[in-house]
Amino acid sequence: MSLFSRFEAFELDVLKEVGNIGAGNAATALSRLLDKPVDMAVPKVSLLPFEEIAERVGGSEQIVIAVFLRVEGEAPGNMFFIIEEQSARRLLRQLLSMDAEEQHGYSEMELSALCEIGNILAGSYLSSLADFTHLLMAPSVPAIAVDMAGAILSYGLMQYGEMGDSALLIETTFLEDCQSLEGHFFLIPDPESFQKIFRALGVVSE
Amino acid sequence: MIEQNLVKVGMADLNIATDGAVLKTTGLGSCVGLALYDPIRRVAGMAHMMLPSSEIARETNINLAKYADTAIPELIERMIKAGAYVERMKAKMAGGAQMFAMSGQSDSLRIGPRNVESCIVMLNRFRIPILSQDTGGNFGRTIEFDSINGMLSIRSVQFGTKEI
C-alpha cells in the first residue's frame, strides 16, 4: 500500500493515458465488429480497497460475464473484460444473430463466441499498449466465467493480497448507442509492473 | 418472520456474531469462507480469507484476516472473548474455487485449493472438527451462517441455495 501512496498526480495521468490508448483501440475494434459507433468514457485510475472493486460493476453478487487474460511479459498483470448479461445477449444478437434464451444460461457456442469477442478486444487493448510502451506484453489464452463479480474479480487481486488491501486498477467503460451496450475493461498491473511502465514511457520517478 | 440481524464480513475480513445474528459474506471465489460455531454458547464467527499463508506477506502491517494461518487463530480468540470454548467449536467452510480453468497453471493460480488445504491444517492444529464443507469447483459462492442453529447456507449462480 505504501508503494502506491507515493504515486504522483502526473503518474496517475500517465496510467490514465495507458487506459485511454488501450481501450481506444479496443473500442475501435468493437466498432468494426458491430459496424456501429462506439463511445468511450474517460478512463479512471483508482487505488481501491478490495471490497469496493466489485462495486464498480454493480456489486459483489452481481452476475457478470468476464473474460480473463493473464498478461505475461515485461509488465505482467491481469486483464478483465466484463459485461453484464443484457449487454452480452445484445452482443450475441448483433454480431452472430444468436438469440440467447433468457434464463437458460449460455450454450457452449455462445460462451465461446463471447470469449472470442473478449479476446479480440483485450488483444487490441494490449497490443496497442505494447506498441506504445515498447514493452513485451503477451496475453494468455482467454478464459470465460459467468458468475458473481466479487468471486471473479478477487481472482485478479491475488498479487496484491500479499502487499496490502487495495489494488490499483485502470478502468475504462465503453458504450454503444446510449448505454444499450456497456462493457468494462479492468487492467490490474502487478505491483512490480508500474515502475516498468513509467520507465518505458520516460516518466522517471525519484 | 423476524428480521435477523445481519453481520457483514467483507473480503479479507472476519467477524463474530452472538444473540442469533447471521454472518454473511458475498462473492467467495478462490477465497475461503470459514464459519466457526460454539453450539452451546451460540457464538459464531466467520472469516473471508484470501491467501493460504502469511509467510508470503510483503506488507508491514499485515491484515490478520487475509491469511488462513493468521485469520483462524484470531477468529478463535475473538470468539473465546465472546464466551465460546475452543473445545466445543465446530467448523464449516465453503469457497476455494478455481474461477478460471487455465492451461499451464502456475501455483499462484491454484490458490483456491491451497486456501482450503491451509484451513484444514490450521483447524486440525486447534482440534476443531470440520462438520461439512462445500469447496472447490469453478463457481462463486455467497454464504450465510446462522448463529442460532449453526446452519451454513450457500448460494451460487448455477446451483441455487443449499444448506450444509
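Student: Which residues is A:Glu171 in contact with, leaving aside its neighbours within four places in sequence?

Tutor: A:Glu171 is in contact with A:Pro43, A:Lys44, A:Arg56, A:His184, A:Phe185 and A:Phe186, once those neighbours within four places are set aside.

Student: Does A:Glu171 count as buried or exposed?

Tutor: Buried means under 20% relative accessible area, exposed over 50%, and partly exposed in between, with a 1.4 Å probe and protein chains only. A:Glu171 counts as buried because its relative accessibility is 4%, whereas A:Glu51, at 33%, counts as partly exposed.

Student: What does A:Glu51 touch, not counting residues up to four places away in sequence?

Tutor: With those residues not counted, A:Glu51 touches B:Lys8, B:Gly10 and B:Met11, and the side chain of A:Glu51 reaches the backbone nitrogen of B:Met11 at 2.6 Å. Within chain A, the C-alpha atoms of A:Glu51 and A:Asp165 are separated by 8.7 Å, although these residues are 114 residues apart along the chain.

Student: How many residues line the largest cavity, and which lie nearest its centre?

Tutor: On a 1 Å grid over the protein atoms alone, a cavity is a set of points where a 1.4 Å probe fits but cannot get out, and lining residues have an atom within 4 Å of a point. The largest cavity is lined by 13 residues, and those nearest its centre are A:Glu51, A:Ser60, B:Met11, B:Thr26 and B:His48.

Student: How is the lining of the largest cavity divided by class?

Tutor: Ala, Val, Leu, Ile, Met, Phe, Trp, Tyr, Cys and Pro count as nonpolar, Asp, Glu, Lys and Arg as charged, and the others, Gly among them, as polar. The lining of the largest cavity has four nonpolar, seven polar and two charged residues.

Student: What pLDDT does chain A average?

Tutor: The pLDDT is the predictor's confidence in each residue, from 0 to 100. Chain A averages 81, and 90% of the residues score at least 70. Where pLDDT is low, the predicted coordinates should not be read in detail.

Terms used
Residues numbered from 1 in each chain as written. Chains lettered and ligands numbered in written order. Predicted model: local features only at pLDDT ≥ 70, side-chain atom pairs only at ≥ 80, totals over all residues. Heavy atoms only, no water. Contact = heavy atoms within 4.5 Å. Polar contact = N/O pair within 3.5 Å; in protein donor to acceptor, adjacent residues only side chain to side chain. 1 Å grid on protein atoms, 1.4 Å probe; cavity = no way out; pocket = protein on both sides within 12 Å on 5 of 7 lines; lining within 4 Å.
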